[in-house]
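Open the model in your viewer and keep the selection panel at hand. The tour goes stop by stop.

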Amino acid sequence: MSIWEKLTGLPREIVMTLVMISIIIPALNPLGLPLMTGQMSQDWYDAVDALPEGSVILFDIGYGSGGYPSLGPGNIAAFHQMFDKDLKIVIMATALEGTLMYPLVMAGVDPEGNYGAVYGEDYVFIGYVAGTQTAMAGVLGDLHDLVTNDYQGNPISSMPILDDVNGADDIDLVAYVTTSGDIAEGWVYQAYSQYSMDVVGGTLSMMTTSIKPYYDSGQLLGIMDGIKGAADLEFLTGHAGDAIVSSDILTFSQTLVLIFIAVGNISWFMSKKEVKS
Amino acid sequence: MDYKRDIPLAITFLVGVIAIGDYYTGIEAVTQTFNVIKNWGIVLQGFALGLGAVNLFRVHGRRVSARKEGTDWVFSAVLLIMLAVHIVIGLMTGQYEQGETYNWLYNSIYLPISSTMYSSLAFYMAYGAYKVLRARNFDAALLFITAVLVIIGNTPMFPAIYPGFFHMREWIFGPIVSGAYRGVRIGIGIEAVVLGIKTLIGMETGYLGRR
């Protein structure tokens, strides 16, 4: 067997071990490789940045533990920007596990410690609302009719943040982070199409192709494109975290994938040439 | 008259008309009525979660009690045990988010397992790219070039060195991907409208289940 034939059929174990090494090295020793901020993340940042102090944002945590490594850091960076600008955040979850992501994200943001935010005045978590698009339509239709207590069981009627927030007319921006296509497109249908609201969305990179048309047409003002988008937001907000470290990992592992693709093709052509000759 | 068929069809028609009325007329009374219906829908979906849990117990309970060879009934047993543990702890503490034990169960067991499952995709995708992305013919060469350009544009360091890589990726995502995807979405949208009309006038009864 020639060297080309060997390279054509590298065993899975070798490929995966090298991928693992390419992930571990930058994870243990972040190199701070250069990063170019994407336009979609910049637009997300600008959309939030343009809101005047005290504006209300409806934020949907639409992901669970599977999506946390990719979307959690971006969610944290997004909250940092919102709290930093003294915006009011009404947080909900259209994903069942969103309620369990909320404490993880909040542990990373620490709104009370870092920004002096007060629960019930500056932010509130109304918990999981079942029904995906029905839930979105319900919250934007009549929030107080749909939800009577927050996730901790406190009556929302006693919360100053929700005194003047009844539905879509009182919300300045809808932001969501999700692993679900139904949630990602659902907010465009329910918030933009129905009420012409401003919407920004964060998804896994592999889903970006499906929501990019909405961004191109202006229905989404910005997109947080997976871990790359999260790294952009961390950079823009000045809160470096897991995503910026992960962007080094992305650079290493994706460069290795490119090398493998090159090796696979060159060796395939060379071995074909050998057979012919 | 077939009540089992006609009553659900009548309800569907009525709800559909109210939903359309809310969207197109904006009459306050219609909007309020539709808000109530939406809230009912959310409550019903909450019940569906409970029904799902009961169904899990039934399906996996049967597998465990049958213990047939080759059915991986042990995994069903693990699922049932974990389901019971989470329900009991959730009900005992009455708290989910702040419950320390519940949180520990989730953060120490489910979160790492779930993240690992998702992360393991990286290895399979890398191996898949190596094995499959080969320019064997013209079609494969097009796929190969597109994939390579997207990977380069998506790798944080390359666009930082040469922004042209980023613009190439954006161009692929723009006219090519968005154009194709819009075509697909418009097709799906038209189909959804047709399906909605058929459902509204009772021509589509698949949602009533097997009868």
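Predicted model: local features only at pLDDT ≥ 70, side-chain atom pairs only at ≥ 80, totals over all residues.

**Stop 1**

Hide the rest and show chain B. Count its secondary structure: there are eight helices and zero strands. Following the sequence, the pattern reads α-α-α-α-α-α-α-α.

Now look at the outline. The C-alpha trace of chain B spans about 65 × 50 × 40 Å along its principal axes. Its radius of gyration is 26 Å, whereas a compact globule of 211 residues would have one near 17 Å.

Colour chain B by domain. Domain 1 covers 1-66, domain 2 covers 71-119 and domain 3 covers 121-206. How far apart are the C-alpha centres of domain 2 and domain 3 of chain B? They lie 35 Å apart.

**Stop 1: where the chains touch**

Bring chain A back. Select the contact between the chains: 50 residues come from chain A and 47 residues from chain B. On the chain A side, the elements giving two or more residues include α2 (12-28), α4 (68-84), α10 (208-216) and α12. Which of the elements gives the most to this side? α12(A) does, with 13 residues. By class, the chain A side holds 26 nonpolar, 18 polar and six charged residues.

**Stop 2: α12(A) against α5(B)**

The crossing is right-handed.

Show side chains here. From α12(A), pick A:S253, A:V257, A:F260, A:I261 and A:G264. They meet B:A122, B:A126, B:A129, B:Y130 and B:K131 in α5(B). This contact of α12(A) with α5(B) has seven nonpolar, two polar and one charged residues.

**Stop 3: a pair inside chain A**

Hide chain B. Select α3 of chain A, residues 39-49, together with α11 of chain A, residues 226-237. Their axes come within 9 Å and cross at roughly 50°. α3(A) and α11(A) are therefore oblique to each other. Their crossing is right-handed.

Show the side chains again. A:M40, A:S41, A:W44 and A:Y45 sit in α3(A). They meet A:G229, A:D232, A:L233 and A:L236 in α11(A). Sorted by class, the contact of α3(A) with α11(A) has five nonpolar, two polar and one charged.

Technical notes: Residues numbered from 1 in each chain as written. Chains lettered and ligands numbered in written order. Left-handed = near helix turned anticlockwise from the far one by under 90°. Helix = DSSP H or I, 4+ residues; strand = E, 2+ residues; numbered from the N terminus. Contact = placed C-beta atoms within 7 Å. Nonpolar A, V, L, I, M, F, W, Y, C, P; charged D, E, K, R; others polar. Domains from an automatic or database assignment. Rg over C-alpha atoms; globule rule 2.2 N^0.38 Å. Axes fitted to C-alpha atoms, helices over the stretch in contact; angles between N-to-C directions. Parallel < 35°, antiparallel > 145°, perpendicular 65-115°, else oblique.
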